[in-house]
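Work through the exercises below with the sequence and the model at hand. Try each task before reading its solution.

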Amino acid sequence: MAQKRTGCGCLIAVLIAIAIIIFGVLYYLRTRRTEEQLPPPSGGQLNVHVLDIGQGDSILIRTPSNKAVLIDAGNPGNGKKILAALNGYGVNQIDLLVATHAHADHIGAADEVIKGIPVRQVLDSGVENDTKNYADFLAAIDERMDAPDKYLTATPGQRFDLGDGVFLTVLAPTQPLFKKEDLRGGGNEPNANSIIMRLDYGEFSMLLTGDAEAQTEDRLIQAGARLEADVLKVGHHGSRYATSEDFIERGRFTDAIISNGEDNRYGHPSQDVLDRLRAGKVNIYRTDLQGEITITSNGSERYEIKPAREATGDIATGRKPDRDDSSRTGFIQYGDFGPARRPTQANANNRNANNRNANTSSRRTANNNNRGR
Ligand SMILES: [Zn+2]
């Protein structure tokens, strides 16, 4: 009887292994083969604005024909700021609003945005959250959006043709979604199932990772996903549990943008991540120190990165969390802390003393910027 059970267990293990291999091959073919068939760029200007909305994410993509994609919508109350930015850039409709995951520092002001400007489609991770904020987001979609295909759930290989040769492709979340019990200490379900996308425009590419951490990165590496990109939007605001050495090696990024807030209490970005990026010769930009970061490409090999201001501190120095999470038993999650501390006069003086020159970067000149940092 015991023997029979062992044999059955082996068969199941073999079937699972075969299923994983088949899934991996299909995933590889879906996300990779079609990359080579993308039409050429129109040569017009593509802009990506990593908005300065404090401790959270909100990233605006504007195509040469003024199509607009907003990836995340910051914290509750950020709506005014985001709408002002959209208005300033002449955006009068959002073609696609991507909610990478249902945490309040990503979908916080999504309802405010949907109420403030026409939004055609929403792309959701499919992982729900039991918060009023997420309910408000869904209610705003119901009440304010009209398109029959207004609500989409992300699936790998899904591709959005934005015209002019600009494409957004979904790489994650992959099935089966991560469950709480799958995650190592430090992991978090909504983060692990974040929507990860790549933006392609001719020779230019950018990887947008939401708050995904190393376990999600590992899964993409195992599946052979196309991760090489010029620019990385660093996962989880520079958390130490994201942006692994393997991921940096596989991505071969030239530049990395960290979207985080000044005086955040989570220790974002961590010194570990900054050190790993520098070891990989990746240039670092930070919204907490440099404000909004704008990337401009015409689809050629050369592209530009412009921060809004000179850095108000040392880009290579990380922040310390309010609580030590080195044991990983006390993992710090969004909402564990109250609002950010108010900057003190001493901090402000220190920041002024540390002023640095802002960097403008391109693939050809990028590595020079890294030296001496
Ligand atoms: Zn976040």
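**Exercise 1. Confidence**

What pLDDT does the protein average, and what percentage of the residues score at least 70?

*Solution.* This is a predicted model; local features need pLDDT of at least 70, side-chain atom pairs count only at pLDDT 80 or more, and totals for chains, interfaces and linings use all residues. Residues are numbered from 1 along each chain as its sequence is written. Start with the score: pLDDT is the predictor's confidence in each residue, from 0 to 100. The protein averages 85, and 78% of the residues score at least 70. Over residues 326-332 the pLDDT is below 50, with 12 contacts beyond near neighbours in sequence (contact: C-beta atoms, placed from the backbone, within 7 Å). Residues 346-373 are also below 50, and this stretch has 46 such contacts in the model. Where pLDDT is low, the predicted coordinates should not be read in detail.

**Exercise 2. Overall build**

Count the helices and strands, then find the core.

*Solution.* Take DSSP runs numbered from the N terminus: helices are H or I with at least four residues, strands are E with at least two. The protein has 11 helices and 15 strands. Now apply burial: a residue is buried if 20 or more other C-beta atoms, placed from the backbone, lie within 10 Å of its own, exposed if 12 or fewer, and partly exposed in between. Of the 373 residues, 46% are buried. A nonpolar core joins buried Ala, Val, Leu, Ile, Met, Phe, Trp, Tyr and Cys residues through C-beta atoms within 7 Å. The largest one has 84 residues, and Leu70, Leu97, Ala99, Ala110, Val113 and Ala256 have the most contacts inside it. Strand 8 (residues 166-172) gives the most to this core, with 6 residues. Look at Ala99: beyond four places in sequence, its contacts include His106, Ala110, Val122 and Phe137. Finally, take contacts with a separation of 6 or more: 73% link residues 24 or more positions apart.

**Exercise 3. Helix 8**

Which residues of helix 8 are buried, and which are exposed?

*Solution.* Helix 8 spans residues 271-279, and Val273, Leu274, Arg276 and Leu277 are buried. Viewed down the axis, the buried residues fall within an arc of 160°, so they line one face of the helix (the arc is that of the directions from the helix axis to the C-beta atoms). Asp275 and Ala279 are exposed on the other side. Now find the packing partners. The buried residues pack against helix 7 (245-251), strand 12 (255-258) and strand 13 (283-286). Just after helix 8, Lys281 takes a positive phi of about 60°.

Technical notes:
Two residues are in contact if their C-beta atoms, placed from the backbone, lie within 7 Å.
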